[in-house]
Amino acid sequence: MATARFCVLFIILAVALAEDAEVKHKTAPKPVRLFTEEELQRYDGSEEGQPIYMAVKGVVFDVTKGKEFYGKDAPYNALVGKDSTRAVAKMSLDPADLTSDTTGLTEEQLKSLDSIFEGTYKAKYPIVGYTASRILNEDGSPNKDFKPEDQPHFQIKDEF
């Protein structure tokens with residue numbers, strides 16, 4: 001009888017440990033890639049079945065699961081297929097704001113940008129890549145002076 005109880009206890013413990021080990025195991029994420037402006041434009045939600053990508057602070061997110069917000073004819077479709085950092089900071093859909101340029105934004109807008117970047121995009125959507133303009137010169141050569149930690153309102157943890 002004691003042996004049977006021990007066996008049952010052992011099996012329950014083994015199953016519990018196996019489930020715990022299964023939960024802790026994660027598959028490796030897909031590798032991220034570098035997107036040019038032209039490449040990013042292909043993911044603007046206009047083609048059915050194609051992923052929908054948008055960039056904020058040079059980080060490209062797959063926002064496909066938010067298709068009702070970002071898909072074709074959706075309210076925020078103007079933000080996809082490009083780096084819309086300025087528009088996100090200003091909470092604007094003005095075509096002039098659909099850019100990565102943060103020049104002239106107020107401290108309040110920059111704080112809003114950081115909050116939305118962390119609380120919405122990084123929390124909800126997978127990172128699939130980065131914009132080439134973050135780390136390349138206009139001629140496509142590597143920008144040797146680029147240091148993420150020196151970028152305004154950029155934190156190294158933004159990469160992860």
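1. Let me start with the charged pairs: the structure holds six salt bridges, a salt bridge being a side-chain nitrogen of Lys or Arg within 4 Å of a carboxyl oxygen of Asp or Glu. Before going further, please keep in mind that this is a predicted model, in which local features need pLDDT of at least 70 and side-chain atom pairs count only at pLDDT 80 or more, while totals for chains, interfaces and linings use all residues. Residues are numbered from 1 along each chain as its sequence is written, and side-chain values use heavy atoms, with hydrogens and water left out.

2. One of these salt bridges pairs Asp114 with Lys57, at 3.1 Å from N to O. Asp114 sits in helix α5 and Lys57 in the loop between β2 and β3, so this pair ties together parts that are 57 residues apart in sequence. Helices (H or I, at least four residues) and strands (E, at least two) are DSSP runs numbered from the N terminus. Lys57 counts as buried at 14% relative accessibility, whereas Asp114 is partly exposed at 22%; buried means under 20% relative accessible area, exposed over 50%, and partly exposed in between (1.4 Å probe, protein chains only).

3. Have a look at Arg86 and Asp97 too, whose closest N and O atoms are 3.5 Å apart in a salt bridge. This pair links distant parts of the chain, with Arg86 in helix α4 and Asp97 in the loop between α4 and α5, eleven residues apart. Arg86 is buried at 15% relative accessibility, and Asp97 is buried at 7%. Through shared partners, salt bridges join Arg86, Lys90 and Asp97 into one network.

4. What is the overall layout? The protein chain has five helices and four strands, in the order α-β-α-β-β-α-α-α-β along the sequence. Of its 160 residues, 32% are buried.

5. The largest nonpolar core has 21 residues, and Met54, Val56, Phe61, Val63, Tyr70 and Tyr121 have the most contacts inside it. Such a core is a set of buried Ala, Val, Leu, Ile, Met, Phe, Trp, Tyr and Cys residues joined through side-chain atoms within 4.5 Å. Two or more residues each come from β2 (53–56), β3 (59–62), α4 (85–90) and α5 (107–124), and α5 gives the largest share, five residues. A second, separate core of seven residues includes Leu40, Tyr43, Tyr53 and Val60.

6. Ser84 deserves a glance: where is it found? Ser84 lies in the loop between α3 and α4, and Ser84 is buried, with a relative accessible area of 0%. Leaving aside neighbours within four places in sequence, Ser84 is in contact (heavy atoms within 4.5 Å) with Met54, Ala55, Leu79, Leu98 and Thr99.

7. Finally, helix α3. Lys67 is in this helix, which covers residues 67–70, and counts as partly exposed at 42% relative accessibility. Beyond neighbours within four places in sequence, Lys67 is in contact with Glu48, Ile52 and Ala74. Phe69 is also in α3 and is partly exposed at 39% relative accessibility.
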